[in-house]
Amino acid sequence: GWDSRTLLAASKNFRNKIQYFNDRFGVLEMDFRDVWVPKEMDEKLSLNIDFRNTTANLPAWFIALMERNVTAGYIFPKTRMIYDRLIRNDNTINLNGVGGEIVRNFFDTHLKLDLSKITIEDIVPLLGFQEKHPYLEQQLTEWANQLDLRQIRPHLMLELLVWEQTIGNWGGIWPAEQDIAGEEIHPYNCRLLINVMMACPIEQRTLPRFDLFREIIRKLWPELLAFPINPGKK
């Protein structure tokens, strides 16, 4: 995707010190985009990617450890990656692209919403709730009342929503789940970087081209643009 591809471009001058890896978690098929695109990149750019397919069933003691360690954690196929890392005990530091969603106008990537007329009731479905939700509406109202919308761009309200309410939630749970196995760094978790990128016009940070990300990649490692980003099956 755009976030990980941009991080890959930024790593060009340090590539010999980095171990790139790709994990299918036992569920991703070979023709899935997160598998076949990295394979083509590895073949043509010699990235030395470690292709993994962690399929081990999670033992009961590990699931219990996860539940004790993280409030509201999840057990997904990708949790196998955490277990694999724990038993590897390789003392590496993981980097990933969590947080880039903030800059890509996560809730309105097609710029179709009329923010001059948007209401709290309109925001609730954006958070994944399809029915009326009085408690959530109350909390969102209290949150929105703290914003001085006269001083900020209309789209910034939705960008703050994903920054404060979405990424601040599941974006924080994912690294917390991994704490039992190792350390992780999120390069996008940087207020200065987010502020600079969000200063770019909103039209250049959304579909269909994501021009801001495209130009960053072109500046840092232009060869990476020869490979499709978020395509379909091969």
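Modeller: Let us begin with a cut-off: a residue is called buried when its relative accessible area is under 20%, exposed when that area is over 50%, and partly exposed in between. Please bear in mind throughout that this is a predicted model.

Colleague: Why does Glu159 count as buried?

Modeller: The relative accessibility of Glu159 is 1%. The cut-off for buried is under 20%, and therefore Glu159 counts as buried. The residue lies in helix α7, which spans residues 156-167.

Colleague: Why does Asn69 count as partly exposed?

Modeller: Asn69 has a relative accessibility of 41%. Asn69 is found in helix α3, residues 60-69.

Colleague: What makes the pairing of the Glu159 and Arg205 side chains a polar contact?

Modeller: The two side chains come to 2.8 Å, and a polar contact requires N or O atoms within 3.5 Å, one able to donate a hydrogen and the other to accept it. The pair of Glu159 and Arg205 is accordingly listed as a polar contact.

Colleague: Which residues does Glu159 touch, not counting residues up to four places away in sequence?

Modeller: With that exclusion, Glu159 touches Ile102, Asn105, Arg153, Met198, Ile202 and Arg205. Under the same exclusion, Asn69 touches Ala176, Asp179 and Ile180. Between the C-alpha atoms of Asn69 and Glu159 there are 30 Å in space, and the two are 90 residues apart in sequence.

Colleague: Which residues of helix α10 are buried, and what do they pack against?

Modeller: In α10, residues 211-220, the buried residues are Leu212, Phe213, Arg214 and Ile217. The buried residues of α10 pack against α1 (2-10) and α9 (191-198).

Colleague: Turning to the whole chain, how many helices and strands does it have?

Modeller: The chain has ten helices and four strands. From the N terminus, their order is α-β-α-β-α-α-β-α-α-α-α-β-α-α.

Note on methods:
Residues are numbered from 1 along each chain as its sequence is written. This is a predicted model: local features need pLDDT of at least 70, side-chain atom pairs count only at pLDDT 80 or more; totals for chains, interfaces and linings use all residues. Side-chain values use heavy atoms; hydrogens and water are left out. Helices (H or I, at least four residues) and strands (E, at least two) are DSSP runs, numbered from the N terminus. Buried means under 20% relative accessible area, exposed over 50%, partly exposed in between (1.4 Å probe, protein chains only). Contact means heavy atoms within 4.5 Å.
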